[in-house]
Amino acid sequence: MRTVTITVHGRVQGVGFRYGLQATAENAGTRGWVRNRREGTVEALIAGDAAAVDEVIAWAHEGPPAARVERVAVTESAESPPEAFEIRATV
């Protein structure tokens with residue numbers, strides 16, 4: 001299993017990014033969470049088989065139609081994911 005944390009920069013809040021990422025992650029069979037950050041980014045923990053995680057990361061580079069993704073930072077993580085894919089409160 002691969003677990004990563006991603007931080008998505010650009011116009012990614014107020015455009016349905018978290019909901020789209022959650023749907024993509026669930027369809028790919030991954031677990032984790034997604035949340036807005038106060039500075040304007042979206043952060044997510046994604047865990048699953050490597051191909052599924054890569055699928056979610058690829059989606060994050062595009063996002064929903066109204067988003068304008070500038071960059072996606074990906075780091076490996078040791079955090080244990082929740083049992084399902086959650087939308088969490090803004091931090």
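**The sheet and its helices**

Strands S1 and S3 run antiparallel and are joined by seven bridges. At one point along S3, Glu43 stands opposite Thr7. The model shown here is a predicted one.

S3 also runs antiparallel to S2, with six bridges between them. Here Leu45 in S3 stands opposite Trp33. S2 and S3 form a hairpin with five residues between the strands, and in this hairpin Gly40 has a positive phi near 105°.

S2, which covers residues 31-36, pairs with S5 in the parallel sense over three bridges. Val34 stands opposite Ile87 in S5.

Put together, five strands make an open sheet in the order S4-S1-S3-S2-S5, and the pairing is mixed. Strand S4 (68-76) and strand S5 (85-87) are the edge strands, since each pairs on one side only. On average, neighbouring strands of this sheet are turned by 15° against each other, direction ignored.

Helix H1 (residues 17-28) packs on this sheet and touches S1, S2, S3, S4 and S5; its direction makes about 175° with that of S5. Helix H2 (residues 50-62) lies across S1, S3 and S4, and runs at about 5° to S1.

Why is S3 largely enclosed by the rest of the structure? Seven of its seven residues are buried, so the strand is largely enclosed; buried means under 20% relative accessible area. Both faces of S3 are covered: Val42, Ala44, Ile46 and Gly48 are buried on one side, and Glu43, Leu45 and Ala47 are buried on the other.

Notes: Residues numbered from 1 in each chain as written. Predicted model: local features only at pLDDT ≥ 70, side-chain atom pairs only at ≥ 80, totals over all residues. Heavy atoms only, no water. Pairing = 2+ DSSP bridges. Helix = DSSP H or I, 4+ residues; strand = E, 2+ residues; numbered from the N terminus. Axes fitted to C-alpha atoms, helices over the stretch in contact; angles between N-to-C directions. Contact = heavy atoms within 4.5 Å. Buried < 20%, exposed > 50% of the residue type's maximum accessible area, 1.4 Å probe, protein only.
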